[in-house]
Amino acid sequence: EIAKLPKETLALWEKYGGDETDDKEAFQKSFIRHVTTTLARSIYNIDNFSAYQATAHSVRDRLIKRWNETQQTHTEADSKRVYYLSLEFLLGRSLDNALLNLGLKDNCGEGVKELGFAMEDVLDQEVDAALGNGGLGRLAACYMDSLATLDYPAWGYGLRYTYGIFQQRLKDGYQVEFPDYWLNFDNPWELPRLDVVVDVKFYGSVNRYTDEKGRKRYAWEGIDTVQSVAYDVPIPGYGTKNCINIRLWSSKPKRQFDLSRFNEGQYEQAVQEQMQAENITAVLYPNDNHMVGKELRLKQQYFWVAASLFDIVRRFKKSQRPWSHFPDQVAIQLNDTHPSLAIVELQRILVDLEGVDWDDAWEIVTRTFAFTNHTILPEAMERWPVPMVQYLLPRHMQIIFDINLFFLQKVEKAFPDNRDLLARLSIIEESTPQFVRMAHLAVVGSHRVNGVAELHSELIKKTIFKDFIQYYGNDSKFENKTNGITPRRWLHQANPKLSELITDTLGNKNWLKNLDLLKGLKSYVDNKDFRKRWVAAKHSNKVRLTEYIKKTTGIIVNSNALFDVQVKRIHEYKRQFMNILGVIHRYNTLKKMTSEERADVVHRVVIFGGKAAPGYYIAKLVIKLINSVAEVVNNDNSIEDSLKVAFIPDYNVSVAEIIIPASDISQHISTAGTEASGTSNMKFVLNGGLILGTVDGANIEIHEEIGDDNIFMFGNLAHQVDDLRHAHRYRNVPMDPSLQAVINDIESGQFGDSRIFAPLINTLTLGQDYYLISDDFQSYLDAQKLVDEAYKDKEGWITKSILCSANMGKFSSDRAIQEYAERIWNIEPVPVVTKKHI
Ligand code: GPU
């Protein structure tokens, strides 16, 4: 194509196309150009925010260049791509990450400084892109970073919510939610593709007809059409030219307003359609590990799936291959069951629109999709009422019934007359009304199903997917892919001092691309100078957090105390309740001590952070209890600062970047078997923080990697949980005495009007202590004692901290992505070789 262009044109592109180089001067030139043109401001009129915008736009220019080159390379290579479908991408801030991944940080930092700004202040102006709830959304973001870094041809597909996860503020110790209007100012990290639009239909009816070959065919006549507009978010890899794409869809009306209504003077009705269309991508549902069966949520899912598949199929069709090659060109990963309708949509496209025979189509579909499960909690399982699906997506409902019929016929053949098995395996739950079980649909429509940590992957085979094992056999479809985190954001970016120390010690930055190299730190564990710098890095992070706590809560804490952190979504299964009950126990123990006895105790700062789903009453009460306890403890001079409690508001990715590197010990204390993996546990340990945890999720594998000496594990095991719950239900199990004492303290009014907390306390008694706080409480307190003892041995603790970090290689998301690429997607890296700018 290029060869056809006139020489003169080519020469001009050659001459002017390479302006955005990476040196300091070129950056400063871009900065000033963006201030004066993009922002229309002058030298007298730049505040930190404008400086951020000008810097961001200068980086954006360079990102777009890499993005272009990457897409061109991938198009030319035309090799197999992976598409990661996720309703959540919890990206956080982009500027610092882009600067580090592109290797621009030093030049840009100096450039900004000479222009009169401090890089830190500039970076601090950015609002988080918070299009996710918690671990699931952040995992998607880490995986995109690794896909880019490892040169894979990959795209993410998601929704561009106008409002991300709500902002949390505290009033009288209670959580209050505020809208997260993150697009208030322009968003330099997206490229609007206003020309990339897909029509998405809803409702309507299905017509049967006979095609030219005499086959029965079905055509869906939707009646409500909404447009899907693409916004592309470039994701740069670290130390590579590869820059991949997340395509986020935004909904808009097909027509601006109903002209006939407008002309009749019905102005409100005339714009109603427009408002309904825009509603679809208006807001992220704020529930973590919990399904709420709202029709708008189902609409979001289909809107996203339909636009993404149209896009993927359109790209495939350009190469003019036969349909049977589709799975050799396309791998689609389903991030939980949220995109399960994609299975049905692809079958519909192939059978209804492209005229492929059902069986051939189904073969293509199942070879294309793979599914990641992220929870076994029953309340999180997606089930949609059949009447709702039927009404919204009539043809899809038919296809689901057919998929189910053909599947169950095969099961019936293998296990004749086992009707219970058929009912248990069915995609349709035979209740009134009937429900579509999305997890069953995802299993049947995928060639691989994976859990996210070893224990979790075993548990899904024994619980939610037990019956599928009976049918498919033990190691056909089901696999484990232990989660990982990107060391670029979670160490290099969040903890620059430690990162620098590691690089100085190992002699280069190779560890950032091969995290196993961290084990090279082990031989320095006794090196005095190294240990000194290690402690200094941790301490400066603690000072940074101390300042942040003061700024956001007014609470003054001592940076020399032991920092004990639990930050994650507030959920009963994660047991923040147990943590604060333990704090009360500690407080009342401290109160009973004499001053001399107290002189010997390790001072602790207990730090909490996390959002509760707005409709989750009990979780919100936990926040209130934490703040009520904090109020009493922090103002009690009699314990002489030996204990402080802080609830940091509005926990999000950028707050995590401040908290995690400052932790001495973090708590991952879910009831055994309930936390599929956890990923923050990996982030804390990578940053030299120890873990206090239950035998659950990835804690187990972290324990395996770092050894008994460097982790504090406690509590009952997953296989004991059923029996313990049974005992709570049918036998009179007395409450653990230490726990009973703490409950008595709350009920005595020590932390304010105890009637407020009655529903919370009732979960332990009337609610039969479903999460087994009583069963684990003593073991928890014992483990806390061991933590106190260990922290007194300063040198011993430093050794543990270093060994923790040094042994974390396995938990890089690069390792996880490589496993997915080899075992599930069957894709190869496609390196982007720098070409000239044409
Ligand atoms: N997870 Br399901 C979420 O963050 N949200 C959800 O709705 C569901 C799962 C988490 C798991 O709770 C956590 O254990 C896991 O590490 C993470 O997904 C990523 O796999």
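The legends below describe close-up views of a predicted model. Local features are described only where pLDDT is at least 70 and side-chain atom pairs only at pLDDT 80 or more, while totals for chains, interfaces and linings use all residues. Residues are numbered from 1 along each chain as its sequence is written.

**View A. Domain 1 and domain 2 of the protein chain.** Domain 1 comprises 78-93 + 128-163 + 177-483, and domain 2 comprises 487-811; these bounds come from an automatic or database domain assignment. Their C-alpha centres are 36 Å apart. Domain 1 gives 32 residues to the contact and domain 2 gives 25 residues, where contact requires C-beta atoms, placed from the backbone, within 7 Å. On the side of domain 1 that touches domain 2, the elements giving two or more residues are β2 (89-92), α7 (135-149) and α18 (454-462). Helices (H or I, at least four residues) and strands (E, at least two) are DSSP runs, numbered from the N terminus. Helix α7 provides the largest share of this side, five residues. By class, this side of domain 1 has 10 nonpolar, 15 polar and seven charged residues. Ala, Val, Leu, Ile, Met, Phe, Trp, Tyr, Cys and Pro count as nonpolar, Asp, Glu, Lys and Arg as charged, and the others, Gly among them, as polar.

**View B. Packing of helix α23 (residues 576-592) with helix α30 (residues 737-747).** The axes are 9 Å apart and form an angle of about 85°. Axes are lines fitted to C-alpha atoms, for helices over the stretch in contact, and angles run from 0 to 180 degrees between N-to-C directions. The two helices, α23 and α30, are therefore roughly perpendicular, a term used for angles of 65 to 115 degrees, with under 35 roughly parallel, over 145 roughly antiparallel and the rest oblique. From α23, Leu-581, Ile-584, His-585 and Asn-588 meet Ser-738, Leu-739, Val-742 and Asp-745 of α30. Four nonpolar, three polar and one charged residues make up this contact of α23 with α30.

**View C. The kink in helix α9.** Helix α9 bends by about 30°, with the kink centred on Glu-273. The bend at a residue is the angle between axes fitted to the seven residues ending there and the seven starting there.

**View D. Backbone geometry at Pro-433 and Tyr-203.** The Thr-432 to Pro-433 peptide bond is cis, with omega near -5°. Pro-433 lies in the loop between β15 (428-429) and β16 (435-437). Tyr-203, although not a glycine, has a positive phi of about 60°. The loop holding Tyr-203 is between β7 (191-202) and β8 (205-210).

Terms used:
Two residues are in contact if their C-beta atoms, placed from the backbone, lie within 7 Å.
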